Amino acid sequence: MDTLTPETQAVAVRPKVFHVRSLTKVYGMGEAEVHALAGVDLDFYAGELAVLLGPSGSGKTTLLNNLGGLDVPTAGELRYRDFDLTCAPEAELTRYRRDSVGFIFQFYNLIPSLTARENVALITEIARDPMPPEEALDMVNLGARLDHFPAQLSGGEQQRVAIARAIAKRPEVLLCDEPTGALDVRTGIVVLEAIERVNRELGTLTIVITHNAVMAGMADRVIHFSDGRVHHQLRNATRAPASSLNW
Amino acid sequence: MLPNLDRKLLRDLNRMKGQVVAVALVMACGLAMLVMARSLIYSLESTRQEYYEAHRFAEVFAHLKRAPNALATQLAEVPGVATAQAGIAVQVTLDLGGLDEPASGQVRSLPDFGLPELNRLFLRTGSWLAPGSRGEVLVSEAFAEANQLHPGDQLALLLNGRRKEFRIAGIVLSPEIIFEARPGASLPDNRTYGTFWMPYKEIATAFDLYGAFNYLTCTLAPRAQLRSVIAELDRLLEPYGGRGAYGRADHPSHIRVSDEIRILQTLSIGFPLVFLSVAAFMTNAVLSRLLTLQREQIAILKAFGFANRQIVLHYLKFAFVMVVGGAAIGTVGGVALGHQLVKMYHLFFRFPNLHFRFDRSAMVLALGVGVGAALLGVFSAVRRAAKLPPAEAMRPEPPANFRPALIERTGIGHLFSHSFRIAVRNLERRPMQALFTVAGLALATGILIVPNCFRDSVSELLGFQWDVVQRQDMNLGLVEPASLQVRDLLQQLPGVIAVEPFRGAAARIRFGHRSRQIGIQGMPADTQHSRVVDAKYREIVLPPEGLVISAKLAEVLAAKIGDELTVEFLEGHRPLRVVPLMGVSEDLTGIAAHMELRALNRLLGDGDVMNGASLTIDMAHRREFLHALKQIPRVSWVGIKESLRENFRKTTAASINLIQSIYLMFAIVVAFGVVYNNARISLAERARELATLRVIGFSEREVGAVLITELTILALIALPLGLLLGTGFAKGIVSAVNTETVRLPVIFTLHNYAFATLVVAVASTISALLVLRRLKELNLVSALKAPE
């Protein structure tokens, strides 16, 4: 691994997706004030796979929520391409999430009353340029379990449905918050393989939050957080395949 | 110092206050109904009982033509008779200055000296008759109020055709006329009918009855057989023109109060039962939700050594807060409604003092029933939580099991949208929750049907009575039967268009061992006024011989067309005749027997006579006509259709409106509460799911649609069910009014159904919108975190 300056030539040729400058997020007031983000400067580029590492409370999730349009920052600049996320109205944030962002959560968050196929189709119905739900599920190797309900699927399978749901709309950005946090190693790796494949084949900017330092190996770039700031960043010369990881 | 566990209780209650209030209110509706109905029963029953006892209301009553006072002593000795009181009761015509139409009434005698033994009066204002006085009269309160008469005012009565002025000494009440109406009339008209009391000597002299009596009342000795006393009295009175003795059960005023009590008894059981089952379920739903949320807390409490018992108690307290709240609101509400209804009773019933009497046992019962309902609602949920081993409880609940809904398995699943699928699968997974929401909404719809059906049925009855049957504008009665020439006399009065004579004759009709006492109405075969119609409202032409009786009388007698009925006339020479039953007619009030006028006169052997007439008049000459009529002393009473209608609008219609607004309020509370509760629970249980939908790009409207779809499906199932349920309720309640006095046709109108549907739909929509506003507060970030 090489230590990087923020703008590396190899990446700089790719179009910039997110532009983050002096971003702060303060929760609470007065004595209870918590600086979840205390001035973050970062850029993310198309097709990149970035891993955010850091202890609990270091600000990773807050950043992800701000990037995904779920939360608005207290101060600083935050742009998705030309779209200013700091002051967009709710309706535009909804459209942004619908068209451009795919989310993957630690606890899958599938709709329990819909089958795997229907969970994906839910999104493809409202998206601009979706792929067929079956194709999305094929990408995560779940072509055979289309009509199963979440309760009939294992944790790893549920997470792969969640990935299929997130990518079926062909998002520009895939945001993953601890995608393997609730899974054992073997299933965790299957899930990571799916994420890796999406990133490679669809060229989706993929940002993954994890506690698990091992996952840093599969990233283009590893960003370390502490105390609401970027502590340091590393760039991998080559990405290790997800299947080679072990923890 | 509040134990910390109770502090937690208070905070939980505060957090769920919307639902707690909703449950308490629904419970309160049921309990209010219970408290109101039981208290009113208690008020009416106890007030009536005390009134009867204090004023010595008789138990047997008999009218006769005339018997010497000496007979009274003999009658008092009939086995089973405790006290017998002989007196005079006569029909009189009144001359009221302020009234266009002739008014009539009944005059009863009071002993010249001392108190009557039975049926003592209650003096509301003024004074009693001075001993040995003349020219003084006591007046019934309902009549005095309707005509604004006060002690000291003058009143002109036509006694046996002679006009005489009386001074009103006092305004009184009698246990005999708690409900006062002209005999045979189902609606009161207190303006044109009243009861008056004067000393025996004065009234007896005026009617040539001095030394005699024509009205007997008795009380019974303990363990006396009413039936044998009546039989013996009838036997003894027969030679004196006895018209058949009867007991309290046939006393018109007594019947009306008893009917009201019976209706209240139905209300006090049926409605609270349904309301409380819905409330019980709502309690269960709220508690289950709370327990699911607090699985971990329960586990921790148990891990730290709290016993199951303490935990169960903790959550039961939660339910009891709702019960106590519900019982308190219900009691206050029931008492308030009861006060309103008691005021309404003043329109119909005259008691010395009818006050709302709170039935304390009703509150205890209400509390008991409420606790029972809550226990029923909570018990299974709490027990499930308490039984959970702590370690297991600390893990989140496993994901819910779903499967394609029944309706999708029919093969049309591909037609449904995702939000529809989410909705139907959720409903199928929680059938009980869906069922009770449906039950609650159906109940709300159903209870709205009842008062409107009642109103429509009463209006159908009146339409039948006043438009189909009675084509005349007024009826009048003569003091004595008179020659048919009176008809020509009446025809010449100003404004008269048509006159039809009739004759009413008191008789007892017998078939087999069944019999009824009734006035047989004789009229022209082709009568155009009081028409006789069949069940399809087609006119029946009266045959030259034989009887046509109303369907209810035929049912009571178990007689059919062609049967030979025995008719025992109770007036004139009291002939006994066998008469064939020639037809059955439709009649909704009272029981009736009709005959062709000449045929009736032939049976009675009286020649061509009449004792009343029906008239149509030119309304432009109404005043002149009534004025002329007042000058004819032979006319004893007049019934004007328009006055009856007007009076009806003021009394019965007003009380139906009051009851309707009560039901309306209950329905709104239930619809609102049930929908609110259901939506809040869905929202809470599925906050994560809904937040996820928002995160992955659904707008607030689209997420709201998922919740609304579910409620809409429930409402669409509930509304028709509610209309059915209401139809059932209304049929039960309205057709329970099927007595010999009145039979309500059960009428359902589109307007009725539309109104109920609309009210419930609007209440549900507003309630749902209130909950949907909370979608804005949905925390999107929390969806990314671990489940609570």
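Helices (H or I, at least four residues) and strands (E, at least two) are taken here as DSSP runs, numbered from the N terminus. The model is a predicted one, so local features need pLDDT of at least 70 and side-chain atom pairs count only at pLDDT 80 or more, while totals for chains, interfaces and linings use all residues. Residues are numbered from 1 along each chain as its sequence is written, with chains lettered from A and ligands numbered from 1 in the order in which they are written.

In chain A, A:Glu33 sits in the loop that joins strand 2 (16-27) to strand 3 (34-45). A:Glu33 counts as exposed because it has 9 C-beta neighbours inside 10 Å (exposed means 12 or fewer other C-beta atoms within 10 Å, buried 20 or more, partly exposed in between, with C-beta atoms placed from the backbone).

Chain B splits into domain 1 (1-58 + 249-398), domain 2 (89-208), domain 3 (430-469 + 641-788) and domain 4 (496-617), with bounds from an automatic or database domain assignment. Over C-alpha atoms, the centres of domain 1 and domain 3 of chain B are 21 Å apart. Between them, 22 residues of domain 1 of chain B are in contact with 24 residues of domain 3 of chain B (contact: C-beta atoms, placed from the backbone, within 7 Å). On the domain 1 side of chain B, helix 2 (17-54), helix 7 (252-293) and helix 9 (308-348) each supply at least two residues. Helix 7 of chain B gives the largest share, 9 residues.

Technical notes. Contact = placed C-beta atoms within 7 Å.
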